[in-house]
Amino acid sequence: MTTRDTVISVKNLSKYYGELSVLRKIDIDVHTGEVICIIGPSGSGKSTFLRCLNYLEKPTGGEITILGNTLYGISSGANVEKANEKNAREIRKNVGMVFQQFNLWPHKTVLENVIEGPIQVKKADKRASIQRAEDLLKKVGMLEKKNAYPLQLSGGQQQRVAIARTLAMDPKVILFDEPTSALDPEFVNEVLNVIKELADDGMTMIVVTHEMGFVAKAANRVCFMDGGYIIEDGSPQEVFKHPRTERAKQFFSKILNV
Ligand code: ADP
Ligand code: MG
């Protein structure tokens with residue numbers, strides 16, 4: 001039951017690091033409730049793409065519009081920088097990001113980590129923030145650890161707390177950059193299950209991952225990146241079963257046979 005409202009619209013996005021062309025002619029629209037998984041080899045530009053969406057990296061060319069706020073390529077003219085900084089602030093209010101490394105505050109408890117953003121950034125009421133944090137910790141199965149410190153937790157538990165922390169900011173869309181790549185294999189599924197539940201709740205998400213079982217189950221749409229291009233974009237069924245490019249075929253034949 002998704003509507004077709006556009007949450008993110010990317011037009012002709014490019015990114016260079018010096019001479020190195022990392023993103024090329026990226027065009028993609030993300031709609032409300034869509035779960036897009038981005039897959040592809042290391043170095044293909046997946047992280048750079050997500051980081052551009054949040055203006056953690058400055059795009060070289062093209063446009064990114066998220067909920068009405070536009071980031072412009074830095075080559076497109078004067079005063080762009082200023083507009084971008086302003087729009088990036090608006091974008092960051094609505095876009096959550098979950099990284100491979102969870103980056104929890106080590107000296108704060110689980111609960112303190114989750115209420116930090118709402119209280120410091122959103123100036124939310126403390127009691128309400130605690131109540132909401134407890135609800136979210138329950139949702140990710142971490143309520144009983146609310147008074148623990150991050151280093152007392154497994155990687156999978158820390159990542160679930162990091163997801164609760166992101167949800168506490170009430171994002172309209174969440175970007176996940178290889179959320180399970182730093183985990184021991186035994187903890188991967190507990191995190192993927194939480195992300196799958198968010199997908200089932202209708203959260204709009206872009207998930208960079210190598211977990212193909214998760215992609216097959218959770219994604220409405222799969223984008224395959226290679227050399228800075230999105231070379232495949234379709235349903236999991238289309239992209240896995242009938243890739244249009246040799247490159248994607250090769251990639252799947254390697255990973256699916258291991
Ligand atoms: P992926 O996430 O798909 O593995 P990345 O987006 O991290 O790929 O990187 C894409 C390319 O950009 C790689 O060649 C990488 O070495 C290069 N790159 C990434 N970040 C930087 C940076 N800050 N400076 C220079 N090159 C970078
Ligand atoms: Mg990456």
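This is a predicted model: local features need pLDDT of at least 70, side-chain atom pairs count only at pLDDT 80 or more; totals for chains, interfaces and linings use all residues.
Tutor: Residues are numbered from 1 along each chain as its sequence is written, chains are lettered from A and ligands numbered from 1 in the order in which they are written, and side-chain values use heavy atoms, with hydrogens and water left out.

Student: Why is α3 called oblique to α4?

Tutor: Helices here are DSSP runs (H or I, at least four residues; strands are E, at least two), numbered from the N terminus. α3 (residues 110-120) and α4 (residues 126-139) pack at about 125°, with axes 9 Å apart. Axes are lines fitted to C-alpha atoms over the stretch in contact, and angles run from 0 to 180 degrees between N-to-C directions. Under 35 degrees counts as roughly parallel, over 145 as roughly antiparallel, 65 to 115 as roughly perpendicular and the rest as oblique. The angle of about 125° therefore makes α3 oblique to α4.

Student: Which residues meet where α3 packs on α4?

Tutor: Contact means heavy atoms within 4.5 Å. V110, L111, V114, I115, P118 and I119 in α3 meet K126, S129, I130, A133, E134 and L137 in α4. These contact residues divide into nine nonpolar, one polar and two charged. (Ala, Val, Leu, Ile, Met, Phe, Trp, Tyr, Cys and Pro count as nonpolar, Asp, Glu, Lys and Arg as charged, and the others, Gly among them, as polar.)

Student: How do you describe α4 and α5?

Tutor: The axes of α4 and α5 cross at roughly 135° and come within 9 Å, so the two helices are oblique to each other. R132, L136 and L137 in α4 meet V161, A164 and L167 in α5.

Student: What makes a space a pocket?

Tutor: On a 1 Å grid over the protein atoms alone, a pocket is an open set of points with protein on both sides within 12 Å along at least five of seven lines, and lining residues have an atom within 4 Å of a point. The largest pocket has a volume of about 610 Å³, volume being the space filled by probe spheres set on the points. Of its 19 lining residues, the closest to its centre are R92, V95, G96, M97 and M169.

Student: Which element gives the largest share of that lining?

Tutor: α3 does, with four residues. The lining divides into eight nonpolar, seven polar and four charged residues.

Note on methods. On a 1 Å grid over the protein atoms alone, a cavity is a set of points where a 1.4 Å probe fits but cannot get out, and a pocket is an open set with protein on both sides within 12 Å along at least five of seven lines; lining residues have an atom within 4 Å of a point.
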